[in-house]
Number of protein chains: 2
Amino acid sequence: MSVPPWLEEGRAWSERALERFVPRADEPPGRLHEAMRYALFGGGKRLRPALLRLLCLELGGDEEDAVRPGAAIELVHTYSLVHDDLPAMDDDELRRGRPTVHVAFDEATAILVGDALLTLAFECLTGDGAPRGLEHARVLAAAAGSRGMVGGQVLDLGLEADGAARLDALEDMHARKTAALFGAACEMGAIAAGRDAETRGRCAEFGRALGLLFQAVDDLLDVTGDARTLGKTPGKDAALERATLVRALGLAGAKTRARELAERAQERAAALSLRRETPVHELVEFVLSRQA
Amino acid sequence: MSVPPWLEEGRAWSERALERFVPRADEPPGRLHEAMRYALFGGGKRLRPALLRLLCLELGGDEEDAVRPGAAIELVHTYSLVHDDLPAMDDDELRRGRPTVHVAFDEATAILVGDALLTLAFECLTGDGAPRGLEHARVLAAAAGSRGMVGGQVLDLGLEADGAARLDALEDMHARKTAALFGAACEMGAIAAGRDAETRGRCAEFGRALGLLFQAVDDLLDVTGDARTLGKTPGKDAALERATLVRALGLAGAKTRARELAERAQERAAALSLRRETPVHELVEFVLSRQA
């Protein structure tokens, strides 16, 4: 399926949002800022900030109030990719169709680029005049930390003795590694729209359901995708003997599970009482059927 | 000189502050939390949070309001040590007298421990009921990011073409790498005490002066210190051909420069209008004459 118009719109909006907060390459230290920009401006889909903006708008909020949280969530996502690609982690040389940061620059720079992007996310959220910065930062930090995204990464690398041998352990890993940040994106959309705790909670649930679906499709694409479309190396999970949905359930079983997760996400979407339901439903279909 | 009583008091207080916010080792993912605790609870001097608390108290603030910012600044400092010690960075095997995190665990875990500690700093500052969390987070993020600590690290690794060949370039690197976080510690002490922008600015200036002194003494100790007292490997700077004050000015010149920096810090301290001046003056003397 083609990219929905609001996603294309959200992508362009995200580029502008990031431009507002990322230092220029000629500001010292220039090599660091150049490498940060290389990591950031490499043609990402900007799914998380686009999602945050979409929910903010459909909940009646103002696009401008989504700019800082939108930039911040993409900064956190990008830092996690830069660190995940490092030799000591996934050891990946290709990302979004280009050499990864440690290949294009060097390993020390890649470590520091990740550190700087993560820090910049919180600088961006708490800058002068940032509305609801404290709430945004609280939600983002909880989702990105040791109980969320970083914790999921540790589980994914098989660094925990128990690993992800069973389906429930696997989906717990996915919940932390991927779904926590999707949940934060949606909750931050509701915060940007000034909505109450109940709506925020329902948005977070929808986001987590969408994140589980996104990760299931990621596991499938690692088997069925090709490098050119993916912009990264497929077959890595099998090569690294990672626990994936395909490994746990087989290809057919993983496809069935992805459809189940898409249905659950659609149910959660229906519970959001949005102005218009169509874009969010389209979004779920897009995440289910994406090829990259 | 012996450790001043208020620093010993601040150290014990910092341990309790950290305990309140760092997950227990039995909370999943257990290996990650165990490694985070290994990195944190290894006998650090806790100079930055002790300094933050001291300024908060001497400016008439409440110790309790310094707990979250104190823990946060030590979390950021510790994450930077864990990443600096990595093989791709300083490649250090000894820290605070024990194997570094990537030696005691593994490299991937050390990268993720650093990421998690940095994220936890902002979770800690923005948690429910955190007073002045937005201001603390703003100051800390600016000091720790690409224009501050991380930028200084890039310069220190000689990753920038210009490097730190001249004394002014060297002290610009020190200002970012070390002094920015000392400045943040002192400014956060003033924020915790509820003081105005002028006092905050003067505290930040004092902190930056103290940080330059601290780094000058660090450069000296790398030449004159021994591994047992230092708890880390001396002679690293020379081995790595790093730009240091000793390399730029010779040993005698570097000692003279350290005394000049101590005098400047004392002047800045005198401008703070504290309840009592003695502890802060003692602190400057302690940083000048420290052996570890």
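**Exercise 1. In which helix of chain B is E187(B) found?**

This is a predicted model, in which local features need pLDDT of at least 70, side-chain atom pairs count only at pLDDT 80 or more, and totals for chains, interfaces and linings use all residues. Residues are numbered from 1 along each chain as its sequence is written, while chains are lettered from A and ligands numbered from 1 in the order in which they are written.

Step 1. E187(B) belongs to helix α9 (residues 167-192) of chain B. Helices (H or I, at least four residues) and strands (E, at least two) are DSSP runs, numbered from the N terminus.

Step 2. Count the neighbours. A residue is buried if 20 or more other C-beta atoms lie within 10 Å of its own, exposed if 12 or fewer, and partly exposed in between, with C-beta atoms placed from the backbone. E187(B) has 31 C-beta neighbours inside 10 Å and therefore counts as buried.

Step 3. List the contacts. Two residues are in contact if their C-beta atoms, placed from the backbone, lie within 7 Å. Neighbours within four places in sequence left aside, E187(B) touches V139(B), R200(B), C203(B), A204(B) and G207(B).

Step 4. Compare sequence and space. E135(B) is 52 residues from E187(B) along the chain, and their C-alpha atoms are separated by 10 Å.

**Exercise 2. Describe the overall build of chain A.**

Step 1. Chain A contains 14 helices and 2 strands. Its radius of gyration is 18 Å, close to the 19 Å that the globule rule gives for 292 residues, so chain A is as compact as a globular protein of that length. The radius is taken over C-alpha atoms, and the rule is 2.2 Å times the number of residues to the power 0.38.

Step 2. Along the principal axes, the C-alpha atoms of chain A fill a box of roughly 50 × 45 × 35 Å.

Step 3. Of the 292 residues in chain A, 57% are buried. Of the contacts in chain A between residues at least 6 apart in sequence, 71% join residues at least 24 apart.

**Exercise 3. Work out how chains A and B meet.**

Step 1. Chain A contributes 42 residues to the contact, and chain B contributes 42 residues. On the side of chain A, the elements giving two or more residues are α2 (30-40), α6 (107-126), α7 (133-144) and α8 (149-156). The most comes from α6(A), with 13 residues.

Step 2. Sort the residues on the chain A side: 24 are nonpolar, 11 polar and 7 charged. Here Ala, Val, Leu, Ile, Met, Phe, Trp, Tyr, Cys and Pro count as nonpolar, Asp, Glu, Lys and Arg as charged, and the others, Gly among them, as polar.

**Exercise 4. Find backbone features in the loops.**

Step 1. The peptide bond from P28(A) to P29(A) is cis, with omega near -5 degrees. P29(A) sits in the loop between α1 (5-21) and α2 of chain A. In chain B, a cis peptide bond joins P28(B) and P29(B), with omega about -5 degrees.

Step 2. R132(A) is not a glycine, yet has a positive phi of about 55 degrees. R132(A) lies in the loop between α6 and α7 of chain A. With 19 C-beta neighbours inside 10 Å, R132(A) counts as partly exposed.
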